[in-house]
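Subject: Structure handover: pockets and cavity

Dear colleague,

I am passing on the structure we spoke about, so that you can look it over before reading my notes. Please have the sequence open beside the coordinates as you go through them.

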Amino acid sequence: MKVSRLAVRDLRNMETVSLRPSARVNIICGPNGQGKTNLLEALWLLTGQRSFRTSRDSDLVRFGCGKARVEAAVFAGGRRQEISLVLDPRRSAALNGVPLDSPGRLAGEFMAVVFSPEHLSMIKAGPVERRRFLDSAIGQVMPRYTKHLGELDRVLRQRSAVLGDLYRHPQLEDLLDVWDEHLARLGWLLMKARRRYVQRLEPKVREIYEGISHGAEELAVSYRSTVPVPEGAGDEEGLDCFRRAIRGARGEDIRMGSSSIGPHRDDLEITLGGLSARSFGSQGQQRSCALALKLAECRLIGEITGEEPIVLLDDVLSELDQGRRDYVLSGLGKQQIFITCCDLEDFSRFRRAKVFGMEAGRLTLLKKPSAAGPGW
């Protein structure tokens, strides 16, 4: 998968930006606050997912403007495709000129992996960020998963409303049975998808971290569910496990007025040498863990879909030493990469990269790729 043309209008601080990137490495350089990350954000939005920086689309529209627009020409699936996304402020999307019923339908049409400093929260913060990582990653290779997530959110809100009213209206308990069944079915579907994904992700994460850290310690990831379901359980057994667990937690749920078990409470456990990376990992170890997870996600997308995703690296390589930087880039194979940085000195050896400058939301070409020379 390659982007051959990108056009952005009135997104963040970018009034009009047009970009014809290299099919390999693209470096966007400039001081902080000039719009480098905004450009990566524009590319990421073409996946049909929410921004990796905000949950509100209104934050993305340039101040004083009514709407923002992102358009791209992409080579994917063996052919050229045209993608457009409009934030007005609600979003709408079109593929090859045909309007889509939902921007989420872009999932699987345009795939990208983004890694920014904010993604360190996957390791440092609580389970919410790790669930968000899993949901974003799985949603790209299994579009119906995102639909199930939306259904789960609706069920949890409805179930919470019933739980909150039970003290005043005990007759609502029959209605709670209905929402319990919905929660059990969606919970099993989502847990099954997450568990399978983590099982395929884990060996890749372990191998990548070993390369990044030169074998200093062993990284392991595993899925931790609030509902105990035996490995290898079939659909009937898994669903029964969820039904029993939800029923068993009903008293606590009524007291708390919320659902205490389900996919919305699960976690991705990350350990180094058997110890929690969140609690005991150093800053450098935590950064390497997050990077290993993202690179493993990248490899898994290619393995599952047969398409290599676009890679968006937001000011992260400059904080790695030369050896780790080389390892990361060599591991990306032939994928198209967009890298932001503040200082080109860190990337002076990238002879084959196309270099752009970003200032106050305006993009300029600084250097075309060199035709000769070893390395990047």
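Predicted model: local features only at pLDDT ≥ 70, side-chain atom pairs only at ≥ 80, totals over all residues.

The largest pocket

The largest pocket has a volume of about 1400 Å³. Its lining is made up of 41 residues, of which Q49, R50, R132, D135 and L149 lie closest to the centre of the pocket. Three helices, α2 (121-124), α3 (127-141) and α4 (143-165), each contribute at least two residues to this lining, and the largest share comes from α3, which supplies eight residues. When the lining of the largest pocket is divided by class, 13 residues are nonpolar, 15 are polar and 13 are charged.

The second largest pocket

For the second largest pocket the volume comes to about 260 Å³. The residues that line this pocket are I138, V141, M142, R144, H148, L189, K192, A193, R196, Y197, R200 and I304. Two or more of the lining residues come from each of α3, α4 and α5 (173-213), with α5 giving the largest share, namely six residues. Sorted by class, the lining of the second largest pocket holds seven nonpolar residues, one polar residue and four charged ones.

The cavity

How many cavities of 30 Å³ or more does the structure hold? There is one, and the volume of the largest cavity is about 50 Å³. Its lining consists of V113, V114, F115, L291, K294, L295, C298, V311, L312, L313 and L332. The strands β8 (112-115) and β12 (310-314), together with the helix α9 (283-305), each supply at least two residues of that lining, and it is α9 that gives the most, with four residues. By class, the lining of the largest cavity divides into 10 nonpolar residues, no polar residue and one charged residue; K294 is one of the residues in that lining.

With best wishes

Definitions and conventions
Residues numbered from 1 in each chain as written. Heavy atoms only, no water. 1 Å grid on protein atoms, 1.4 Å probe; cavity = no way out; pocket = protein on both sides within 12 Å on 5 of 7 lines; lining within 4 Å. Points joined across faces, edges and corners; volume = space filled by probe spheres on them. Nonpolar A, V, L, I, M, F, W, Y, C, P; charged D, E, K, R; others polar.
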